[in-house]
Amino acid sequence: MKTIDSIPTSKIQRASKLVTTGAKIGVNYLKYYGDKITKTEDEAKSKLNENNAEDIYDGLKQLKGSALKVAQMLSMEKSILPQAYVEKFSLSQFSVPPLSPALVTKTFKKYFGKNPNEIYDKFDSVSVNAASIGQVHKAEKDGKKLAVKIQYPGVAESIASDLALVKPIAIKMFNIKGKDSDKYFKEVENKLVEETNYILEVEQSKAIVKACAHIPNLKFPNYYSDLSSDRIITMDWMNGVHLSEFYTENQEVANKLGQALWDFYMFQIHKLKKVHADPHPGNFLISPENDLIVIDFGCMKTIPNSFYVPYFELAKQENISDPVYFEQKLFELEILREDDSKEELDFFRAMFHEMLSLFTQPFQQEKFDFSDEVFFGKISDLGQKYAKSTELKNMNGNRGSKHFIYINRTFFGLYNLMHDLKAKNVVINNFNNL
């Protein structure tokens, strides 16, 4: 794969890159209007989405950092974005051009004050995995095989300016209106700031490993504080296959992995009230022994009780079926607002009743089949229904607690991973027995 010798770090450089990308999108629309003359609307629109997704991703992957991280987050919203965007943006999970060896050495010296060969017995300057915020290298020290994650130059310093560039797109995409909409962007910004703080990540990693070590069929690397800094993390090298590349025809293995993944998330959410909020395939490996390995704890979301209680009250069928109680919880979760019109109250009450009735089905059963294509087909259809809703586009999309951003992201990602594994007979409340 081609390597990168430099990353745009100034606001002007990064904005210019997005302007160039915008110009390419303009050309794509001209092609689209031409295609409509010779092709069907569906064919022309499909080609437009494909071209736009490629140009946007190509621009973002050169910027890396927050802009690329947002693409990664959007790739998990399979029921919202067109397929072309999902496929392209999902590459940001673990298939991004890495830094060149020369830039790796320069970056290492800046962040650690030493060349990597002064710290490790062996260090491979060619990365084995490059993603949105950092890339991973193999190393050895005292006979141990290690993974060394290096943060890209300028990522931490450009978070606010990157989000300012992405903000207009997000506002349009999610139809956000109102003066208090900044709370959502501040939530994302704060989480991205945390993700670039590698000292915090090492602390969080050690804490979650200790808390979840007892969960069956789950493995974690050890983390080494003395070989880590605010921009570099050293951990054990873990042998395994990325979850997205894993395939098995053995249903018992799929069920075992699915149960481990589900238990890991339910234990965190219900017992720790703090959860690994980045459930994409690049953060999970399957070991040669078919155990699940979790390798990244940069994005952890604390769940306050004021959100946790009403959120999971609405996972119970009897509460969804009680109109008065249901509406009360929607107000507590800021889904319904005091300044809503009658039309908005009626629309969002009905919308969330339909969504929660479907999405909470796994919680209504003792065991659930995550290989069920009908269930996931309904989720996709519902997503498309509201993505195309002209009525919704006329409503104020600025609603819901800021905590929804990462909790919903967690559940969307978890459901997708469980479906990819084709896990069946998953015991939903097994975490209570751990």
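Select helix α10, residues 305-313. Its buried residues (buried meaning under 20% relative accessible area with a 1.4 Å probe, protein chains only) pack against α9 (251-272), α11 (317-320), α12 (323-332) and α16 (404-421). These buried residues are Phe307, Tyr308, Pro310, Tyr311, Phe312 and Glu313. Helices (H or I, at least four residues) and strands (E, at least two) are DSSP runs, numbered from the N terminus.

This is a predicted model, in which local features need pLDDT of at least 70 and side-chain atom pairs count only at pLDDT 80 or more, while totals for chains, interfaces and linings use all residues. Residues are numbered from 1 along each chain as its sequence is written, and side-chain values use heavy atoms, with hydrogens and water left out.

Now show the whole chain. It has 16 helices and 13 strands, and 53% of its 434 residues count as buried. Take the contacts (heavy atoms within 4.5 Å) between residues at least 6 apart in sequence: 73% of them join residues at least 24 apart.

Next, select strand β6, residues 232-236. Five of its five residues are buried, so β6 is largely enclosed by the rest of the structure.

Then select Tyr120. Leaving aside neighbours within four places in sequence, Tyr120 is in contact with Phe108, Ala139, Glu140, Leu146, Val148, Leu227, Ile232 and Thr234. In soluble globular proteins, nonpolar side chains tend to be buried together.

For the last stop, select Gln204 in helix α8, residues 198-212. Is Gln204 buried or exposed? Gln204 is buried, with a relative accessible area of 9%. Not counting residues up to four places away in sequence, Gln204 touches Glu194, Lys274, Phe297, Gly298 and Met300.

Methods. Buried means under 20% relative accessible area, exposed over 50%, partly exposed in between (1.4 Å probe, protein chains only).
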